[in-house]
Amino acid sequence: MSQAPMPDFSSSVKLKYVKLGYQYLVNHFLSLLLIPVMAIIAVELLRMGPEEILTVWNSLHFDLVHVLCSCFFVIFISTVYFMSKPRTVYLVDYSCYKPPVTCRVPFATFMEHSRLILKDKPKSVEFQMRILERSGLGEETCLPPAIHYIPPTPTMDEARSEAQMVIFTAMDDLFNKTGLLPKDIDILIVNCSLFSPTPSLSAMVINKYKLRSNIKSFNLSGMGCSAGLISVDLARDLLQVHPNSSAVIVSTEIITPNYYKGNERAMLLPNCLFRMGSAAILMSNRRSDRWRAKYKLCHLVRTHRGADDKSYYCVYEQEDKEGKIGINLSKDLMAIAGEALKANITTIGPLVLPASEQLLFLLSLIGRKIFNLKWKPYIPDFKLAFEHFCIHAGGRAVIDELQKNLQLSGEHVEASRMTLHRFGNTSSSSLWYELCYIESKGRMRRGDRVWQIAFGSGFKCNSAVWKCNRTIKTPKDGPWSDCIDRYPVFIPEVVKL
């Protein structure tokens, strides 16, 4: 007689629930261990009875000196703990600049300008068209007024005008949202990578709003698209040593002086991807801001790969053969970004991942390194650690690569893709447009965790973890207010122009 076939385990048992059971068991191991211990103690107390318990209590002799010493020790340990505990840093609110419709650059307009500006270089025009078709950008992205001229007029005055327009608009909106007065700002940090005039942009803000003479101001430049999180890290460190203070961060990139008019393909890429934008963020360590703050900063991890030559030169400002300045993006950029991300998540993983994922990663590592088993490296499931992901909208390839490597769903990267489609690559401010998208969709709930990931020249990978402090109502204004209802939209692989 032929034996009956073995039942298919994968079909008879839902592996999904097996995995969920494993995660619950490991993540709540101590709690589950405590239950039987408490049950044994309760049973023992019931067995003894009240008279025996009272007898045991009376047999204990408490000396007054011992009691006072014990109380002093407890108070001393508690005092040391609370004094050494880092101050909680809150994100009270933020605002994102919404460009006027007069600055919009539809595909047809962009290509017409490219043909007129590069009329003697048809191959460069064709290259830009192919990039734009596959970029993931939409028809409503914006460029500053100076780039709309034929030819563009990237003068210092035009660059300052763009800086004033994007920064002051975002700042004014932040003041209206929070009720913050300029005189209440203790720390000011402005980051802009490629435009660094004298006086600085931070001095420009101080002059505009007549800020205090003792304000602690900083101007960060040359740090690429990840400079926004570097500013957050700097603000966090300053708020640790300056109690009862408020810090304002302005993240932007000024496009006007950085429009490349040459013929090098690697330097034409930024023209197709970068667009105007800005964000102003209010952070605070005041306890009174705890109840109105949107988020609490949990972790911030910075990874710098500048010691490696390939990483250092992969995003490099230089002159081409004709002496025209532009940003050269290396072909190895995605591979370098992947290495930087790997180093970053190796650091942040133990801080945020549940015990179940850390245990699986450890077992995988031991199996491969010690026993030489031919296992694939285990990729932790970061979806168990975060509800929302804000991946820097640097380009379609960046988002695709991170979605693949972190095994994220389309919904997890929706905010990044839609931000790239609606606003383009706004550099360091893109993370805040993405966060605003999630809020505008009404998805942010109290206790939700957000992972912001940014990449920048150098090469850097920085990430921040925020915890939502309160359920956030859908904002009635902001950069998404007039278009959120039609998002998400389908973005084809290629848009034929």
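1. Ring pairs join Phe423, Tyr433, Tyr437, Trp480 and Tyr487 into a cluster. The model under review is a predicted one, and a search of the whole structure returns 16 aromatic pairs. Phe423 belongs to helix α17 (residues 414–423) and Tyr433 to helix α18 (residues 430–440), so the contact ties together parts that are ten residues apart in sequence. Phe423 and Tyr433 are both buried.

2. A further ring pair is formed by Tyr312 and Tyr316. Their ring centres lie 6.1 Å apart with the planes at 65°, and the pair is therefore edge-to-face, the angle being over 60 degrees. Tyr312 is partly exposed, at a relative accessible area of 40%. Tyr316, with 27% relative accessibility, also counts as partly exposed.

3. Two cases of a charge over a ring deserve mention. The charged end of Arg290 is placed over the ring of Trp291, 4.8 Å from the ring centre. The charged end of Lys177 sits over the ring of Tyr94, at 5.7 Å from its centre.

4. The largest pocket has a volume of about 1200 Å³. Its lining comprises 47 residues, and those nearest the centre are Leu269, Leu273, Phe274, Leu329 and Leu333. Two or more lining residues come from each of α7 (122–133), α12 (265–273), β7 (315–319), β8 (325–329), α14 (333–352), α16 (396–405) and β10 (449–456). The largest share, six residues, is supplied by α12. By class, the lining of this pocket holds 24 nonpolar, 14 polar and nine charged residues.

5. The second largest pocket contains about 950 Å³ of space. It is lined by 27 residues, with Lys85, Arg87, Thr88, Tyr90 and Lys296 nearest its centre. The elements giving two or more residues to this lining are α5 (64–84), α11 (227–241), β6 (295–304) and β11 (460–468). Of the elements, β6 contributes the most, with four residues. The lining divides into ten nonpolar, seven polar and ten charged residues.

6. Rolling a probe the size of a water molecule over the atoms shows where empty space is left. Two cavities of 30 Å³ or more are found in a search of the whole structure. The largest cavity has a volume of about 90 Å³, and its lining consists of Val105, Thr109, Phe110, His113, Ser114, Ile117, Leu143, Ile147, His148 and Tyr259. Both α6 (107–117) and α8 (145–148) supply at least two residues of this lining, the largest share, five residues, coming from α6. The classes are six nonpolar and four polar, with no charged residues.

7. The second largest cavity has a volume of about 50 Å³. Gly136, Arg396, Ile399, Arg417, Leu420 and Ile491 form its lining, to which α16 and α17 each give two or more residues. Three of these lining residues are nonpolar, one is polar and two are charged.

Terms used: Residues numbered from 1 in each chain as written. Predicted model: local features only at pLDDT ≥ 70, side-chain atom pairs only at ≥ 80, totals over all residues. Heavy atoms only, no water. 1 Å grid on protein atoms, 1.4 Å probe; cavity = no way out; pocket = protein on both sides within 12 Å on 5 of 7 lines; lining within 4 Å. Points joined across faces, edges and corners; volume = space filled by probe spheres on them. Nonpolar A, V, L, I, M, F, W, Y, C, P; charged D, E, K, R; others polar. Phe/Tyr/Trp six-rings, centres within 6.5 Å; stacked < 30°, edge-to-face > 60°. Buried < 20%, exposed > 50% of the residue type's maximum accessible area, 1.4 Å probe, protein only. Lys NZ or Arg CZ within 6 Å of the ring centre and 35° of its normal.
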